[in-house]
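This report goes through one protein model, part by part. Please keep the sequence and the 3D view at hand while reading.

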Amino acid sequence: MQRRVWFAGLVCILAALALGYAGWRSFTHTDADQCYACKRPIHAHSRTVALVDGRPRLFCCPACALSQHEQKGTPISITRLTSFLTGKPLSPDDAYVVRASDVNMCERTKELVDADKRAADLRYDRCAPSLIAFAARSDAVQFAREHGGEVMPFSQAAAAFSK
Ligand SMILES: [Zn+2]
């Protein structure tokens, strides 16, 4: 009887450890806000979800996700964009984007660009030119007025990448 209680206790402890480990694993997994493709930290207002080989993956921005399509040659489809203004999820079907404005949420080497423009221009960045997403065309137009860039429906920007 004594043995049995001891054994039950051990089983409980092991179960608790296993659960704790699983919880920790899933926590660190979901909390890793890193781009699937470029490993950059994901900015909350440019977060993009795309299906890669049937699995939803997080990308740092629409441009990065669309570059994935270009490099691997396998079709990926973007299932969710994020509104730059509100941080709320956007359906790609009715979103507008501003392409190639002076805002790039993924850019980490701004000082390099300023210091040596030619070298920076030659360097390939999968997140450039940037695509900034908006729910309404009027918001996109307003943004482009302040930051430059071209306003277009998201579908048009995506189509340009598949050529
Ligand atoms: Zn990325």
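For sorting residues by type, Ala, Val, Leu, Ile, Met, Phe, Trp, Tyr, Cys and Pro count as nonpolar, Asp, Glu, Lys and Arg as charged, and the others, Gly among them, as polar. The model described here is predicted.

**The cavity**

The structure holds one cavity of 30 Å³ or more. The volume of the largest cavity is about 40 Å³. Rolling a probe the size of a water molecule over the atoms shows where empty space is left. The largest cavity is lined by His-45, Ser-46, Thr-48, Pro-62, Leu-81, Thr-82, Phe-84, Leu-131, Ile-132 and Ala-133. By type, six residues of this lining are nonpolar, four are polar and none is charged. At least two lining residues come from each of β3 and β6. The largest share, three residues, is supplied by β6.

**The sheet**

An open sheet is formed by four strands, whose order is β2-β1-β3-β4 and whose pairing is antiparallel. The edges are taken by β2 and β4 (89–90); each has a single partner strand, so one side of each is left without a neighbour in the sheet. Two bridges join strand β3 (residues 77–82) to β4, and the two strands pair in the antiparallel sense. In β4, Leu-90 stands opposite Leu-81. Leu-81 is also one of the residues that line the largest cavity.

**The zinc site**

Which protein atoms are the donors of the zinc ion? They are the SG atoms of Cys-35, Cys-38, Cys-60 and Cys-64, at 2.2 to 2.4 Å from the ion. Along the chain, these donors follow the spacing C-x2-C-x21-C-x3-C.

Why is the arrangement around the zinc ion called tetrahedral? The four donor atoms subtend angles of 104 to 119°, and four donors count as tetrahedral if all angles lie between 85 and 135 degrees. For four tetrahedral donors, the ideal angle at a metal is 109.5 degrees.

Are Cys-35 and Cys-64 buried or exposed? A residue counts as buried when its relative accessible area is under 20%. Cys-35 has a relative accessible area of 1%, so Cys-35 is buried. Cys-64 is buried as well, with a value of 0%.

**Backbone details**

Where in the chain does Pro-129 lie? Pro-129 is in the loop between α4 (117–122) and β6 (131–134). The peptide bond that joins Ala-128 and Pro-129 is cis, with an omega of about -5°. Strand β6, at one end of this loop, is also the strand that gives three residues to the lining of the largest cavity.

Definitions and conventions:
Residues numbered from 1 in each chain as written. Predicted model: local features only at pLDDT ≥ 70, side-chain atom pairs only at ≥ 80, totals over all residues. Heavy atoms only, no water. Donors = N, O, S within 2.8 Å, 3.2 Å for Na, K, Ca; no water. Tetrahedral: all angles 85-135°; square planar, octahedral: opposite > 155°, others 65-115°. Buried < 20%, exposed > 50% of the residue type's maximum accessible area, 1.4 Å probe, protein only. Pairing = 2+ DSSP bridges. 1 Å grid on protein atoms, 1.4 Å probe; cavity = no way out; pocket = protein on both sides within 12 Å on 5 of 7 lines; lining within 4 Å. Points joined across faces, edges and corners; volume = space filled by probe spheres on them.
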